[in-house]
Each structure stands twice: as structure tokens, then as C-alpha cells.
Amino acid sequence: MDDYTSEVCKVDEEWNEELMECYPGERSGWYWYGPKRFLVPSPFLLYAEKYFNFQTRPDDVWLVTFPRSGTTLTQEILWLLTHNLDFETAKELNVWERTPFYELDMLFHPETKQKFLDENEGNIHYQNMINRLSEHAYLTLETMDSPRVIKTHFPISMLPYDVPETKPKIVYVARNPIDVALSYYHLLRLWRTSDLSTDFKTFISQFERGLVMWGPFFEHIKEGWDMRGEDRFFFMFYEDLTKDMKGTLRKLAEFLEVDVSDEGIEELADHVNIKNFKNNKSVNFEEFRDVGVLNKTAQEGFIRQGKSRGDGKEYTEEILEHFQKWYQENCEKYDIQFPSKE
């Protein structure tokens, strides 16, 4: 058994102070994991042993993404493809119950979780929702029937130790960082588990330095990029999915070794069309606004538009010019080229 503890170290004090000020939801400090220094919050230390020693199955399907890379869309697609296009269950049962978010528990700092529970004192239903959302996926998954679809934002190098032996199928989705960063910024302001309280310029600076959860971005993408073409591994770009939805659905079905008719592909493509998807209660998390886990006053929703959006002011000419330069330099450094969106 590998010793994960030797791979963990606390973030440099100056940067830790900066992050603690920006993310009130994290109460105890930030940590790096491994030589690539992937950023994780303090509850990671409580659950890391369970994460790494979780028992995977050969018929698992793991979805690995950097946040805001088309994750929820792909979750829905993978679950439906592996469950006979059961649209009725997909509409009735939340996506986070059907396809557990592997490390969601580490986003709920114990003190922040207690704050949510206190805010809903007397409302047992809402408190139960908070407890269910923050429960440990590694326990939930133990009793789930196969095939299990498991979502994670951990990079490939942080998957359970037994993955090389059990060889579950892995789908990795990447998206260009200009759109990812904008969407991620709004997500972190929406979820009060993070409660991001800084401006976009500061966030972009942190993004470039790898000071965002699961960052550095390019190190994360590179691990998936380097495995493309390997057995039981499917790498795709979000941009290709949106440009050729039906073609990509067919490729995924082939990878998953499931037979889907042309009619089934048409129905699935319509189900995940952004016009329908953003209003789908089983994927948009809107029920957690009333509970207070999502910011009640934020105009943005969990499912946005499937494209770059905001109030039009986030990417000023100065910020965009600097970020595009960083983007291009890293594409050359890591030998990765993202496809166009058109």
C-alpha cells in the first residue's frame, strides 16, 4: 500500500493566507498533493486514505475532468448509455445520486457544514438534504449495483491505487481554459461550500498559478492527454462534444460497448440539449438554493449555457490578453492544442 502522507504538504504560508481570505468556506488551510502540487482543501487529509484505498471494479466507468469542463453533461450521458437509456429514472433521481461525486465530501469543511445545518435548524428535510449531499461517496458506492458511473475532479494520478489492476473504463473530458476559468469563477461564487469572495482578476491570477482546487489546470489536462489512445481510456474535448453531439455519443457508446439505435442517439441528444438540460431538475441543483448550500442571491445557475458567458465585464481587454498569452505558452509547453469552438 502506497503512503499518500508523504505526498501531502501545506501550501506556502503567503499563498495559504491569500486563499483563506478568498475562500471563507475553507476554515483550516490548503494543501498540495504530489510533485505536481495539485491543490486540495483541508478535509482531504481526513478522507485521503479512503480515497486511495477504495476498491474499484472492472465494470466501473470513471469520469475524470477539471471542473466546468462539461462534467455534468457527460455524467448524464454516461449513466444513460450504461443504463439502457432509462430516461424516466434519470428525470426522477438526482444525477449526484446516480453518479456520485467521488470527493464531494472534502468540499464540506465540518464547520461550514455545521453552519448550513444550524441555518436550517428545525427543518429536518433540509438538514437531511445537507447530510445526504455531503455523505462519503466511497461508502455509498460500496453498495451500488454495477455498472457504477463515478465522477471525480481528481487528476489521473490521484485515482484509487487499484485502478491499474482492475482497469475500469475511464472517460476524460477537457475544455479550453478561457471558458473553464470564467465558468469556474461563477461556480465557486454560487456554492457556499467555497463562498468565493474575490474579483475575477484575482481569481484568474490564482488560476494561472495553480491556486484553485484541483489545479494546476495544465498538469491535470496533461495527465489525461498523455493517456489518450490507451486501452479502456477515452479522451475527448468538450468542444468536440458540442460541435458533433450525435457523433460523439456514438463514439462513447462504442467505447462503453453498448448498442444504441439511431433513434436512441436522437433521443439522448435531445435530452442533453442545453435548452432542456438547464431546466432539468435532476441535474441543475436548484433545490439546494432554498437549503442555503447554493447562494440564494446569485443569478447564475449550476447549469449555465454550455458556452462562455458572464456579465460581459469579467474578461477585460487587459485580463484576456494576459490570460491568452498564458494559455498559448502552456499549450506549447505541454504540447496540447484545444479545438476551436466553431
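Lysine 151 sits in strand S5; strands (E, at least two residues) and helices (H or I, at least four) are DSSP runs, numbered from the N terminus. This is a predicted model, where local features need pLDDT of at least 70, side-chain atom pairs count only at pLDDT 80 or more, and totals for chains, interfaces and linings use all residues. Residue numbers start from 1 along each chain as its sequence is written, and side-chain values use heavy atoms, leaving out hydrogens and water.

**The sheet**

- Four strands make up an open sheet in the order S5-S4-S6-S7, with parallel pairing; two strands pair if DSSP finds at least two bridges between them.
- At the edges are S5 (149–152) and S7 (233–237), each pairing on one side only.
- From one strand to the next, the twist averages 20°.
- S4 (residues 61–65) runs parallel to S5, and 4 bridges join them.
- Across from lysine 151 in S5 you'll find leucine 63.
- In general, strands of a sheet pair through backbone hydrogen bonds, either parallel or antiparallel.

**Helices on the sheet**

- Helix H3 (residues 71–82) lies across S4, S5, S6 (169–174) and S7, at about 170° to S4; axes are lines fitted to C-alpha atoms (for helices, over the stretch in contact), and angles run from 0 to 180 degrees between N-to-C directions.
- Helix H12 (residues 217–225) also packs on the sheet, touching S4, S6 and S7, and its direction makes about 130° with that of S7.

**Back to lysine 151**

- Lysine 151 is buried but has no salt bridge; buried means under 20% relative accessible area (1.4 Å probe, protein chains only), and a salt bridge needs a side-chain nitrogen of Lys or Arg within 4 Å of a carboxyl oxygen of Asp or Glu.
- Its nearest side chain of opposite charge is glutamate 103, 7.9 Å away; Lys and Arg count as positive, Asp and Glu as negative, while His and the chain ends are not counted.
- Leaving aside residues up to four places away in sequence, lysine 151 touches several residues, including Leu63, Thr71, Gln75 and Tyr102 (contact means heavy atoms within 4.5 Å).

**Aromatic pairs**

- The structure holds 45 aromatic pairs; rings of Phe, Tyr and Trp (its six-membered ring) pair if their centres lie within 6.5 Å, and planes over 60 degrees apart count as edge-to-face, under 30 as stacked and the rest as tilted.
- Phenylalanine 44 and phenylalanine 52 pair edge-to-face, 6.2 Å centre to centre with 85° between the planes, and both are buried.
- Tyrosine 51 and tyrosine 138 have ring centres 6.2 Å apart and planes at 75°, so this pair is edge-to-face.
- That pair links distant parts of the chain, with tyrosine 51 in helix H2 (residues 44–53) and tyrosine 138 in helix H8 (residues 137–140), 87 residues apart.

Definitions and conventions:
Buried means under 20% relative accessible area, exposed over 50%, partly exposed in between (1.4 Å probe, protein chains only).
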